[in-house]
Every structure is written in C-alpha cells, then in structure tokens.
Amino acid sequence: MKICFYALRVYDELEFCEEMKSKYGVDYIYSVNYPSPENYSLASGCEGISCTPCDMSAKTLEIFKDLGVKYILCRSIGYDHVDLKRARELDLKVDTVSYTPTGVADYAIMLMLASVRRFGHILKRAELQDYSLKNKIGRDFSQCTVGVMGTGRIGTTVLEHLTGFGCKLLAYDVYENERAKKIAKYVSLDEILAESDIISLHMNANEQNYHIINKESIAKMKDDAYIINTARGKLIDSDALIQGIESRKLGGAALDVLEFENGLYYYNLMGEVMINHKLAMLRSYPNVILTPHTAFYTREDVRDMIKCNFESLHDFETGKKTHGVEAQ
C-alpha cells in the first residue's frame, strides 16, 4: 500500500509521515508541489493520493483514476474542492480527516477578541510608532452577543470556550447539538443575524449554505456587527462583504479563509502583484483582519491530519470504516 502526498510540507508534515509509515505499514512518496500535469504521473502505482484543498475537478480525478488511484485522501476537514459526483462515477473513494477541534475554536475566539478590540489596527500603527488613542477604541467583548452558525465539533467547542467570557451565546444549525443546547440558545437564521454582535461561521461549504452571508443577510445584521470566518470562504459573498464594510454597516471582519484562495494561500507571494482584487480590497481596510488559512495550524492537528490519511488508506484496503462519512 502506498500514498502519494502532494504539496507535502517537509518542514512539518514529513516527520509524521515517517512515524505513520512504521505504524500502519503504508509506504509513501511525495511532491512539494500541488497536483499538475508535470507531476500527475508520480501517483502511478499508489492506491491513494493525499492533497490539501486544490483542483480536484472531474478532469483531474479522471487522470488519477487512469493512473490506478483508488482513494482521494483530503488533508482537510472540508472536501468542497473535490468533484464528488464525478468521484462516485469513477468509483474513487473520498475521505477527509478529523482532528481536535480546540485549535480552530480557540483561533476563532482569538479573532473575535482581536476584531472588537481593533487589535490588528493597533499593532500596525504601533509598528509606525503611532501610540495615540484616536480611532483605536474597542468594545467590551463580555458585553457582546456571539452567534455561532454551525454547531458541529468546532462550533460547539467555540461555544463551550466562550462561556468563561460572559458573552450571551446564540446558536444556529439545521441539526441541534445537545452539548451546544446546554450553553447556548438555538434561534432561527433571521434571529441570529439580527441579534448577534459577532457572527462566527463553523459550517461545511455545500449548495445549501453557499454565500449564506450575502447582501440580504448582512442587511439583517446589527449595525456595527462583526463577521468571523474560520470555516470556508464560499460561505461569504465577498462583494457583499466589501459593500458591508465600505457602507459602514459592518463593524469589521476577521477571515482565515477567503473565496478563491486557491493559488494564493500557502504560497510565498512576497513582492508579487496581487491579482485577487477582492483580497487586495479587504487587506486595505483597517477593520478587517486576514490570516492565510492557519486556524488549524498546530503541531497536534498536523500530526492528526497525516495520521488520518495513513489510517484511511489502511482502513479502505482492509474494509474498515473510515472518517469521511459525509464524503461518501
């Protein structure tokens, strides 16, 4: 059994590949680059490929199928970058990873605090030795109502960790979580938009919630509300967000993920012209914090992600249950 890892980071993932190779008896090869016509053939002879979010469109899946690949192993919780319909048609099994929710949950709370206290703006001005107070005033986080949209493992952990801050907690999800219900009040979508000072997104990206934050939903929000997104960029209509910031309807936003981030995040683009106009616009606003999809990035989570890929291939080949139930 063998996995072909694409976009493998030798500085943090490689040591865990070596550890899991011995544990599961699964061999591996890797490329530091994303899948492309130049390196597709590397997967020949491998049962599975491992990838971070990248182009896994129908055409790419067909190429890997022709090379003998049987499994697409995502090094991410989300799998919206994979054409699942075509994967099923090709009998390619798709699996995702799981890892402790605390890393992303605490990162989301960090972004909430940084947003309402204007921390990003304060730091930038301090770097220029501007130590004045004008335009740096923030809000008392404990007096805020926080609405968590999506109460799976991460969203529920966010709510649990917020209990120590004294915030009023609201929740929205199609399926109510008993753990979340003990500490937050479940409300309708319109209610959570209208009543929250801070909206934190923790949903998978699918057809039902694509652009769930849009022009209409922003209009229903409180004036000066903040949007936090550590889930998926497709949840937010970037044009509507920009309009909400520029019209001063929104107090600000903190985004660890962004629409059309593929080809940008995880690349060193220092000194290059920014071709993503929406990203360039959002970067220019003092009340917007952008981080490059790093909420998951802890040593513990990286190890778990590599472990899941090795475990998934082993389990697929031996007929055991795998992690990514929703992706099948």
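This is a predicted model: local features need pLDDT of at least 70, side-chain atom pairs count only at pLDDT 80 or more; totals for chains, interfaces and linings use all residues.
Residues are numbered from 1 along each chain as its sequence is written, and side-chain values use heavy atoms, with hydrogens and water left out.

Strand E11 (residues 250-255) pairs with E12 in the parallel sense over 3 bridges, and Leu255 has Leu290 in E12 as its bridge partner.

There is also an open sheet of 5 strands, again with parallel pairing, in the order E2-E1-E3-E4-E5. Strand E2 (27-30) and strand E5 (93-95) are its edges, each pairing on one side only. Inside that order, E3 (residues 48-51) and E4 (residues 71-74) run parallel and are joined by 4 bridges; Ser50 stands opposite Leu73 in E4.

Next, Arg232, in the loop between strand E10 (225-229) and helix H10 (238-246). Is Arg232 buried or exposed? Arg232 is buried, because its relative accessible area is 13%, and buried means under 20%, exposed over 50%, partly exposed in between (1.4 Å probe, protein chains only). The side chains of Arg232 and Asp80 are joined by a polar contact of 3.0 Å. A polar contact is a pair of N or O atoms within 3.5 Å; within protein, one must be able to donate a hydrogen and the other to accept it, and residues adjacent in sequence count only if both atoms are side-chain atoms.

Last, the second largest pocket. A pocket is an open set of points on a 1 Å grid over the protein atoms alone, with protein on both sides within 12 Å along at least five of seven lines, and lining residues have an atom within 4 Å of a point. Of the 34 lining residues, Leu264, Tyr265, Tyr266, Tyr267 and Pro292 are the closest to the centre of the second largest pocket. Helix H5 (119-127), helix H11 (277-283) and strand E12 (288-290) each supply at least two residues of that lining, with the largest share, 4 residues, coming from H5.

Notes. Two strands pair if DSSP finds at least two bridges between them. On a 1 Å grid over the protein atoms alone, a cavity is a set of points where a 1.4 Å probe fits but cannot get out, and a pocket is an open set with protein on both sides within 12 Å along at least five of seven lines; lining residues have an atom within 4 Å of a point.
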